[in-house]
Amino acid sequence: EKDLGVWIDPRLSFKSHISKIVNKANSLLGILRRTFTFINDQSFRQIFSSLIRTELEYAVPAWYPTTKEDSMSIESVQRRATKMVPSLKNLPYEERLRKLNLPTLAFRRLRGSMIQCYKFASGKQACPFLHFGATSSVSRGHSCRLTKHRCQKRPYQLFFTNAAVDPWNSLPEHVVTAPSVITFEARLDKHWRNHPLRLNPEAPTSLLPPYL
């Protein structure tokens with residue numbers, strides 16, 4: 001079934017949705033290759049972020065990829081797209097991202113999750129599945145800590161409401177208590193300027209559970 005632009009399968013794996021958006025993004029990428037005879041780093045960033053990346057990030061908290069295969073399938077679109085810039089096509093993917101000042105799509109999904117958590121924590125949006133606030137049993141961390149619920153099924157452990165808990169709880173107080181979304185984004189970007197996922201989509205991080 002398709003609901004609000006997201007394809008939902010009986011097992012909630014969202015493999016069908018991911019396959020569809022990757023195919024659509026690759027089709028758009030083909031159109032761009034045929035349309036533009038020349039493209040530089042500045043025009044590429046504008047075109048890619050407005051026309052292609054939006055297809056890969058729409059409603060991502062609902063269908064967050066739970067397998068490495070799906071994550072790499074999404075990342076492959078940006079990996080191919082960055083080769084459209086003639087001066088960068090022979091460079092490694094990490095170097096292309098550095099010169100284009102672009103993060104990996106895996107990093108953007110994690111960053112987007114933190115922004116969504118901030119909206120919930122600050123009351124800008126409501127979410128009955130997340131519980132914020134320091135508990136008496138936990139003395140470390142900030143004042144807007146998320147409670148992590150126990151779950152045995154692996155797909156649920158990787159779902160947004162569970163997978164976002166550890167990264168959110170690891171943020172410092174001055175980041176989570178930012179007065180606005182824009183300020184939160186700026187403080188988060190400064191805090192995560194050297195995050196391992198920024199330029200390497202396969203970088204291991206203890207803040208995220210391993211893929212299936």
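1. Of the 212 residues in the protein chain, 41% count as buried; buried means under 20% relative accessible area, exposed over 50%, and partly exposed in between (1.4 Å probe, protein chains only). This is a predicted model, in which local features need pLDDT of at least 70, side-chain atom pairs count only at pLDDT 80 or more, and totals for chains, interfaces and linings use all residues. Residues are numbered from 1 along each chain as its sequence is written, and side-chain values use heavy atoms, with hydrogens and water left out.

2. The protein chain has 11 helices and two strands. Helices (H or I, at least four residues) and strands (E, at least two) are DSSP runs, numbered from the N terminus. Along the sequence the pattern is β-β-α-α-α-α-α-α-α-α-α-α-α.

3. The largest nonpolar core holds 54 residues. Such a core is a set of buried Ala, Val, Leu, Ile, Met, Phe, Trp, Tyr and Cys residues joined through side-chain atoms within 4.5 Å. F44, W63, M114, W168, L171 and F184 touch the most other members. Helix α6 (residues 105-121) gives the most to this core, with nine residues.

4. A contact means heavy atoms within 4.5 Å. Leaving out residues up to four places away in sequence, L171 touches M114, H142, V176, F184, L188, H191 and W192.

5. R108 also belongs in a note on helix α6, where this residue lies. R108 counts as partly exposed because its relative accessibility is 23%. Its contacts, not counting residues up to four places away in sequence, are R53, E57 and P103. R108 and R198 are 90 residues apart in sequence, yet 8.1 Å apart in space, C-alpha to C-alpha.
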